[in-house]
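Work through the exercises below with the structure open. Each task is followed by a solution in steps.

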Amino acid sequence: MNGCICCTVRGDLSKVLKKIHKKIEKFDGVIIETTGLADPAPVAQTFFVDDTVEKLYKLDGIITVVDAKHILPHLNEKKPDGVENEAVEQLAFADRVLLNKVDLVKDEKELEKVEKSIKAINATAPIFKCTNSVVHPKHLINIGSFDLSRTLEKDPEFLDTEAEHEHDTSVSSVSCKFEGELNHNKLQMWIGKLIQTKANDLYRYKGVLAVKGIVKKFVFQGVHMLFSGGFDTYKQRWKEGEKRECRFVFIGKNLDKKALKDGFMDCKAKDELRFKVGDLVEARCDKWLPGKIAALWDGGNPYRIELEGDHGECWGPIDDENFVRARTVAGKKRKSAE
């Protein structure tokens, strides 16, 4: 099922739940993960306004994961009149709150401030401090915590399926996908620049990439200024014959969607490099050093360069003049050994 689960859930989710019931009626439960921008109310409504769904399923509880490092600015953000603050809505409807990434909040007073803000919105939901969202399942499953009467106290229009809710139109998402491979060095430089200039507006970003010269999948994700990326720790490799492709999604405020797509596409690996094995070049290290191309696409880098003298080897991370250039001899460029 694709699309905004928040706004299309009443029809689509109802159909899916009815369709799969016979296949899963012996299961212990169904876990529904919404998007980070979703209003939880329409999801919960599904279990009460559709008579068939209400007979087949019971809403056990709503779990909200909170980013301890970044939540306060989102809770305090001023929205236009009539526009929902999704972060506040998600906390208000929570039966359990996972206060995640507490390891990133070094100041205990700051963490206390976060907890106080959460309790000001929802005083009844237990808060579980955690790192990497590690919490014992007994606190999350078969908790029997969703209370319709309590929910109606918070939101008298909860069961009104005709009630409208308005999202902040400045918050949106953009995704991009292309078949092929990219240079992950260019990606990290691009992401680094984005973080320096747009971090406050980047709520969430993630991607799965095929890196030229590497058999493992490269996975990256980030929240505001926190970025992590690396080759899949679960050692998932691109299978033989599998279509190698790159895809990303950004969620944030006032996104320049064209610039994000163009920046991502600019990280695509070139079909042909400027140099071949054996070509004489200069590599930019602490200073420009002479060397010879020893290998192409080595360790995800366009070039591995054998430097002259006792300088060993280095990589050319990006195929442009700022990192690797043709060797000059007596004022003339030459590319290959005589």
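**Exercise 1.** How many residues does helix 6 have, and what distance does helix 6 reach from its first C-alpha to its last?

*Solution.* The model is predicted: local features need pLDDT of at least 70, side-chain atom pairs count only at pLDDT 80 or more, and totals for chains, interfaces and linings use all residues. Residues are numbered from 1 along each chain as its sequence is written, and side-chain values use heavy atoms, with hydrogens and water left out.

Step 1. Helices (H or I, at least four residues) and strands (E, at least two) are DSSP runs, numbered from the N terminus. Helix 6 covers residues 108-121, which is 14 residues.

Step 2. The expected span of a helix is 1.5 Å times one less than its number of residues. From first to last C-alpha, helix 6 reaches 20 Å, close to the expected 20 Å.

**Exercise 2.** Find which residues of helix 6 are buried and which residues are exposed on the face turned away from them.

*Solution.* Step 1. Buried means under 20% relative accessible area, exposed over 50%, and partly exposed in between (1.4 Å probe, protein chains only). Leu111, Val114, Glu115 and Ile118 are the buried residues.

Step 1. Viewed down the helix axis, the buried residues of helix 6 fall within an arc of 95°, so they line one face. The arc is that of the directions from the helix axis to the C-beta atoms. An α-helix has 3.6 residues a turn, so residues three or four places apart point the same way.

Step 2. On the face turned away from the buried side, helix 6 carries the exposed residues Lys109, Lys116 and Ala120.

Step 3. With contact defined as heavy atoms within 4.5 Å, the buried residues pack against strand 1 (63-67), helix 4 (71-76), helix 5 (86-92), strand 2 (96-100) and strand 3 (127-129).

**Exercise 3.** Which residue caps the N-terminal end of helix 6?

*Solution.* The cap is aspartate 107, with a side-chain oxygen 2.9 Å from the backbone nitrogen of lysine 109.

**Exercise 4.** Where is aspartate 95 found, and is it buried or exposed?

*Solution.* Step 1. Aspartate 95 is in the loop between helix 5 and strand 2.

Step 1. Its relative accessible area is 4%, so aspartate 95 counts as buried.

Step 2. A polar atom of the aspartate 95 side chain lies 2.7 Å from the backbone nitrogen of isoleucine 62.

**Exercise 5.** How many disulfides does a search of the whole structure find?

*Solution.* Step 1. A disulfide is a pair of cysteine sulfur atoms within 2.5 Å. The search finds zero.

Step 1. For cysteine 246, the nearest cysteine sulfur is that of cysteine 267, 9.3 Å away. Cysteine 267 in turn has the sulfur of cysteine 246 as its nearest, at 9.3 Å.

Step 2. Cysteine 246 is buried at 0% relative accessibility, and cysteine 267 is buried at 2%.

**Exercise 6.** How many of the ten residues of helix 2 are buried?

*Solution.* Eight are buried, so helix 2 (residues 40-49) is largely enclosed by the rest of the structure. Among them are Pro40, Val43 and Phe47.

Notes: Polar contact = N/O pair within 3.5 Å; in protein donor to acceptor, adjacent residues only side chain to side chain.
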